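Dear colleague,

I am passing on the structure we discussed, which you will find just below. Please read the notes after it with the model open.

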Amino acid sequence: MRHIYLDHASTTPLIEPVISEMTTVMREHFGNASSIHHHGRQAKMMIENARKTIANAIGASIGEIFFCSSATEAHNMILTNAIKDLNVKRIISSPLEHHCIIHTLEHLSKTTEVEIVYLSVDNKGNVDLDQLDSLLRSEAKTLVSLMYVNNEIGNVLQINRVSQICKEHGALFHCDSVQGIGKLSLDVNITPMAFLAGSAHKFNGPKGIGFFYMNSNNIISPLLYGGAQERNMRAGTENIIGIMGMSVALEVALEEREMRAKQVSLINQHMRSRLTELDDIIINGTDQIDNILSVSFPATQKVDMLMFNLDISGISASSGSACSSGIEHDSHVLQHIGHPPERKTIRFSFSHLNTIEEIDFVIDKLKNFTPVKENI
Ligand code: PLP
């Protein structure tokens, strides 16, 4: 049976050049980059070339890029050790961040003296940046942790404005850039920040590999202790297969950025236009990236099982709900933007690999489960 994939914000398929690079590395470059013999030196050289690719992609110096297992690992390290090593007394964030930030902050609020402040958000998911500006007028040494693109509703943060506000007040800007890297422009020379992190599987690279940028003015200590890999910042034998896959994936993403953005924009516009055939639809969020379309459906009996029904109709998308103790409820993001809990939200997330014809298929299927406007 045909199955359409509209869950690219969760993970993306590996593209051919990435598979080919990783296959070559698996077959031929098995050396440990810490070894000083031929095989080790070869592995080391490949890793350093990959570092250069990633650094160039975001305008960083090579020495400011570190490989790690995931954005989750990087964010845990950054938030935890910025308190310890940079004398951070307060972290300002938003309630719409990914769980790898929110849950780390919850943990830190219980185990350290740091003050955690969440900015207000409106019902479109806009984070109150005037409030950020005014909070930063106080003296406390502060780290501001805000995401570039929201993974559920797609809102794009005004990173230049946040960077500027942080600069004016001497605060450290930490940006969860996972959903923006490879899609939106991001250059740390234009948008200075202290830290950012990315994850390869969001831009057609492999899972289990990520990287972080740490500005050389605010060095922190590592999360893991052991070997001297990653210039003592991340112990453990380097995942050369993942690093090379990530490097090629980002290179291709940047080469094809315009083409991909055009295709994704067409897909998004087509979906929005065809959604007007359905009754009582709400699009969650504002100023979204074209890759993410969060759609809220009216409460009806059939809509109750929407995710399941889409799945058995051959469509993989993502639900905007979480389940605890068998009771389904809106995700923390939807709750914070005041989404009516009786409605159902589906996050459709696109890539350049999707087609207009797939969107037509999705709309036709949706019509079986949600009310259709009569006069169309
Ligand atoms: N931040 C955002 C916005 C994400 O969407 C994700 C993954 O879904 C993460 C962080 C965590 O990334 P990783 O799975 O690499 O730890």
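The notes below take up the ligand site and then the cysteines.

This is a predicted model, in which local features need pLDDT of at least 70 and side-chain atom pairs count only at pLDDT 80 or more, while totals for chains, interfaces and linings use all residues. Residues are numbered from 1 along each chain as its sequence is written, and side-chain values use heavy atoms, with hydrogens and water left out.

The ligand is surrounded by 13 residues (each with a heavy atom within 4 Å of it), and the closest are Thr72, Asp176, Gln179, Ser199 and Lys202. By class, this shell holds four nonpolar, seven polar and two charged residues (Ala, Val, Leu, Ile, Met, Phe, Trp, Tyr, Cys and Pro count as nonpolar, Asp, Glu, Lys and Arg as charged, and the others, Gly among them, as polar).

Of the 390 Å² of accessible area that the ligand has on its own, the protein covers 87% (Shrake-Rupley method, 1.4 Å probe).

As for the cysteines, a search of the whole structure finds zero disulfides (pairs of cysteine sulfur atoms within 2.5 Å). Cys100 is in none because its sulfur is 11 Å from the closest cysteine sulfur, in Cys68, too far for a bond. Cys68 is buried at 3% relative accessibility, and Cys100 is buried at 9% (buried means under 20% relative accessible area, with a 1.4 Å probe and protein chains only).

Best wishes

Definitions and conventions: Buried means under 20% relative accessible area, exposed over 50%, partly exposed in between (1.4 Å probe, protein chains only).
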